[in-house]
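My notes follow in the order of the look-ups.

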Amino acid sequence: MKAEQITCMEENVRETVKQMLTDYLQKNGHRKTPERYAILDTIYSIKGHFDIDMLYNYMENEGHFRVSRATLYNTIILLMDANLVIKHQFGSSSQYERAYRNQTHHHMICTECGSVTEFQDENLKGAIGATKLKKFTAYHYSLYIYGICSKCASTKKKKTNNIKSK
């Protein structure tokens, strides 16, 4: 795909999610504030996961709206309720990502260093897609695989070898 096609698609997504937010706010009697729209626009310009601190710094450093962390937390909750943002709990860390038009992917989480790596596997997608869920309609899912990344495994092995050689 050409760069201008991707840019046009991203603009279409941003316009669509703005309209979805407008509809949600009107339906639920919430105010349409410029901060909410600026936060939504910033989130939909980020690829992948982010936490509140990353979002705060991104908005501050990129010359976007200046908002407080409290406004970010409150708006994130509102955007989750509007099905525009997904929350992930990786150990003790909360991470978020955009929900609309986000490709299904899986997560490997290192229990040593806490790193999160996204990956896609068509066999897993197929198996989950083929699973019949009784009295339930799935919209999206998250798969978390916990283990030790190769970097931590290597470090652990070196430590073990050093202890044995002493």
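Before reading any crossing angle, I note that axes are lines fitted to C-alpha atoms, for helices over the stretch in contact, and that angles run from 0 to 180 degrees between N-to-C directions. The model is predicted.

Entry one, α2 and α3. I took helix α3 as residues 52–61 and found that its axis comes within 11 Å of the axis of α2, with a crossing at roughly 105 degrees. Angles of 65 to 115 degrees count as roughly perpendicular, so α2 is roughly perpendicular to α3. On the α2 side I listed Ala38, Ile39, Thr42 and Ile43, and on the α3 side Leu55, Tyr58 and Met59. I sorted the residues of this contact into 6 nonpolar, 1 polar and no charged.

Entry two, α2 and α4. Helix α2 covers residues 34–43 and helix α4 residues 69–81; their axes come within 10 Å and cross at roughly 75 degrees. I therefore logged α2 and α4 as roughly perpendicular to each other. The contact uses Glu35, Arg36, Ile39, Leu40 and Ile43 of α2, and Thr71, Leu72, Thr75, Ile76, Leu78 and Leu79 of α4. Its residues divide into 7 nonpolar, 2 polar and 2 charged.

I looked up β1 (residues 85–90) and β2 (residues 93–98), which run antiparallel and are joined by 6 bridges. Which residue of β2 is the bridge partner of isoleucine 86? I found glutamate 97. The hairpin of β1 and β2 has 2 residues between the strands, and there I noted glycine 91 with a positive phi near 65 degrees.

Terms used: Residues are numbered from 1 along each chain as its sequence is written. This is a predicted model: local features need pLDDT of at least 70, side-chain atom pairs count only at pLDDT 80 or more; totals for chains, interfaces and linings use all residues. Side-chain values use heavy atoms; hydrogens and water are left out. Two strands pair if DSSP finds at least two bridges between them. Helices (H or I, at least four residues) and strands (E, at least two) are DSSP runs, numbered from the N terminus. Angles under 35 degrees count as roughly parallel, over 145 as roughly antiparallel, 65 to 115 as roughly perpendicular and the rest as oblique. Contact means heavy atoms within 4.5 Å. Ala, Val, Leu, Ile, Met, Phe, Trp, Tyr, Cys and Pro count as nonpolar, Asp, Glu, Lys and Arg as charged, and the others, Gly among them, as polar.
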